[in-house]
Amino acid sequence: MSGAATDFKLSAVLRGHKSDVRAVLLPDPSFAATASRDGSTRVWKRTSTSPPTYDDTESSHGAQFKTCLAYIPPSKEYEDGLILSSGQDALIEARQPSLTADMNADAFMVGHSNQVCSIDVCAPANYFVSGSWDATAKVWEIGRWEVAYDLTGHTATVWAVLAFSRETIVTGCADRAIRVFDIRGKMLNSWDGQDIVRALAKLPEGHRTGAQIAAATNDGIVRLWNLKGELIASLVGHESFIYSLAVLPSGEIVSSGEDRSVRVWDGQSCIQVITLPAISVWSVSTAPNGDIIVGSSDKTARIFTRDPERVADAETLAAFEESLQASSIPQQTVGQINVTDLPGPDFLKRKAGSKEGQNQIIKEDDGSACLYQWSMSQQQWIKVGQVVDSAASSGKTAYNGKEYDYVFDIDIEDGKPPLKLPFNVTQNPYDAATKFLQDHELPMSYLEETANFIIKNTQGATLGQSVPTGADPWGTENRYRPGDVPTSSYQPPPPPYAPTRRTLPQKQYLSVVIGKPSAAMTQIIKKNTEYAANEMSLQPDELQALSDVAQQLEKYNFSSPPSLPPSPSLQSAIPALLKIATQWQPPANRLAGLDLLRFIAAAAKEFPVENVEGLDVVAGILGSGIFDESFVRTNNKLGMIAMRFFSNLMYGSPAGRELVKENVDNIIESLKPLAQYASSDVSVAIALTTLYLNITVLITTSTSSDADNNASHALDLLGELSKLVSSFPAVNHSASSSNPASQSTEPAYRSLVALGTILVRFSGADMKSAAELFDVPVALRKLKEGKYLEEPRFQTVVAEIEGALR
């Protein structure tokens with residue numbers, strides 16, 4: 001086929017997103033779908049055919065960014081098919097293309113515990129598969145919308161998934177492995193992908209190369225494999241990371257990546273390079289008619305075609321070429337150059353290129369350096385941008401010839417200079433962290449920690465959310481060592497002349513608001529149908545009140561101080577949610593009710609105090625059985641969400657703090673069965689230690705009239721915290737660690753700060769004696785033995801605690 005195909009040309013430009021377009025689909029010539037870092041999914045309906053034009057509608061919008069899309073073809077139930085989308089919030093959403101953002105989704109799927117980065121559908125077998133940063137891949141049954149099977153064995157991020165056939169699934173992982181599973185989760189084969197695997201694509205049966213799949217890796221190579229793990233061919237041409245792969249009906253492979261390009265491969269030959277006026281080309285997808293759609297970092301999606309009838313009009317083509325030629329290319333992306341040694345424009349006339357996409361930098365007559373690419377089809381050099389080496393301007397920091405809002409120092413190894421992590425506030429922290437780790441060949445197990453370090457030091461984030469600058473209780477220094485944990489940063493010692501900044505006592509409450517209120521509401525509506533006319537069923541007015549509140553919460557900015565105003569709907573929502581959280585059977589159905597309570601507690605300016613059958617909401621939940629030791633053994637998830645709710649009550653409003661204060665004895669007692677899981681379950685550990693920390697703040701900042709009760713609670717907490725600190729496993733940040741809890745030091749840090757706050761606030765001889773009785777010195781020694789004190793923040797707090805005990 002080589003030589004027979006015509007070049008792709010621009011067909012349509014889809015503009016409307018406010019940030020990078022991270023995922024694209026063109027399932028049918030009549031419509032396209034895009035998902036963006038701006039949190040939205042848009043559906044683009046074609047309004048004319050020659051040239052094609054499109055009108056867009058916002059299909060969904062969330063608080064966190066989207067990363068992946070997939071399409072379920074039309075069926076009897078869904079005549080237009082379904083669009084699957086997911087991203088940072090770890091929720092998978094199914095929507096008909098005709099739905100708008102203000103309408104309920106057809107389904108929400110909860111199962112992953114971290115960002116979902118890929119989805120693929122096998123419609124004939126009625127399933128789809130997802131891959132996530134939580135190091136899992138999951139098989140979901142279409143229609144039931146629940147996890148059918150887990151694909152186990154991954155030890156790092158599952159970047160790519162491929163629903164290869166009715167019976168076979170392929171995954172690509174940051175641990176370099178390509179794995180083949182059957183539909184029930186049994187691993188059939190695995191092999192080394194030769195680098196971190198970022199994208200997969202299925203090749204048509206009988207592909208001319210003899211390969212069955214294509215895999216893109218971080219070394220910029222597309223490798224073709226069969227399912228036996230035999231390498232058939234390597235496609236070399238990209239000059240940076242490859243993010244996405246797709247396959248045309250002809251069998252040609254299309255790839256896109258960080259080098260501004262989309263490349264079309266016929267067999268092992270690159271037959272066309274399409275350069276875009278954007279550094280990152282995040283996603284590429286193909287249509288049944290042979291067109292290509294791509295999404296990039298310039299907030300734009302573009303469709304390309306080989307059909308002359310679908311080529312864009314002359315004005316659109318000219319605007320594209322102009323934007324391409326005017327685009328700035330950072331010097332570090334093309335290597336070091338000496339302008340005085342570059343050839344002049346005459347080079348372009350006297351020397352031809354030798355391959356498609358070959359680059360050549362030319363010194364123009366005005367002294368500027370411009371990048372040209374060779375087009376085999378046109379047999380000429382095409383200008384694709386100007387190479388820039390900017391100096392720092394006011395408020396910016398220069399690094400490698402480019403300006404950044406921040407350049408962080410990253411300590412990798414004692415005695416060696418720190419590495420530099422550049423970051424602009426317009427970037428996504430996870431993408432910047434990924435690029436940093438890949439550039440320096442560091443373990444991807446540090447991804448979450450590195451990204452959260454960036455978030456912390458550029459926005460000031462608590463667990464799961466951003467808070468206003470200046471409200472950061474965990475420090476604001478710009479240095480980080482991989483292996484640190486989310487929502488924390490190191491503080492180097494202050495200069496001798498600076499006043500010492502103390503960590504203890506903790507004075508601010510922390511919140512836990514990661515997630516999506518609309519997903520909880522969708523689950524409540526779904527589960528409520530199971531009760532029909534049963535007395536546990538919610539009445540229409542109760543459902544309406546909950547729906548009203550969920551809609552308010554969906555639009556609410558959780559990074560701002562609690563400000564959701566009182567309303568009749570909010571007042572009515574609490575008894576309804578308490579009914580769900582305490583009475584629905586089986587208990588697993590209560591999860592969504594607890595979750596919605598958690599969001600309300602963090603947002604409400606004044607949490608509604610409603611008693612049901614003589615019990616307030618906290619007492620009702622404590623008495624519902626979810627903290628009983630026998631129940632916790634089989635299900636600790638409800639207790640975890642309840643702990644988050646109690647934490648948010650203290651964070652949110654005086655009324656919420658009063659509710660916790662009235663029940664604090666029972667809360668402390670109820671937490672004991674859950675403490676045993678903190679050493680092995682990070683989610684439980686974070687929820688538990690955040691609650692302990694907030695209770696500590698509550699009892700150490702209360703009025704003097706509560707002094708005796710507060711002192712009694714402090715003693716109870718001191719004993720529990722000392723045992724908890726002693727129970728955490730030794731630090732092990734390797735990706736091969738069998739215990740995820742050993743990779744996160746944040747629970748131990750929050751426990752330590754809570755313990756230290758008690759000892760600093762209640763500094764009398766009785767408390768010092770209690771510290772000895774409860775083996776606090778032993779707990780501190782175990783932290784040191786477990787390598788926690790290798791982090792400066794632990795050293796600081798331990799030193800303050802030891803000072804309080806002297």
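Student: Why does C117 count as buried?

Tutor: Buried means under 20% relative accessible area, exposed over 50%, and partly exposed in between, using a 1.4 Å probe and protein chains only. C117 has 13% relative accessibility, so it counts as buried. C122, at 7%, counts as buried too. Bear in mind that this is a predicted model, where local features need pLDDT of at least 70, side-chain atom pairs count only at pLDDT 80 or more, and totals for chains, interfaces and linings use all residues. Residues are numbered from 1 along each chain as its sequence is written, and side-chain values use heavy atoms, with hydrogens and water left out.

Student: Which strands make up the open sheet, and in what order?

Tutor: Four strands, ordered β1-β28-β27-β26, with antiparallel pairing. Strands are DSSP runs of E, at least two residues, and helices are runs of H or I, at least four, numbered from the N terminus. Two strands pair if DSSP finds at least two bridges between them.

Student: Why are β1 and β26 called edge strands?

Tutor: β1 (9-15) and β26 (281-286) each pair on one side only.

Student: How do you know that β27 and β28 pair?

Tutor: Four bridges join β27 (residues 292-296) to β28 (residues 300-305), and the cut-off is at least two. I293, for one, has I303 in β28 as its bridge partner.
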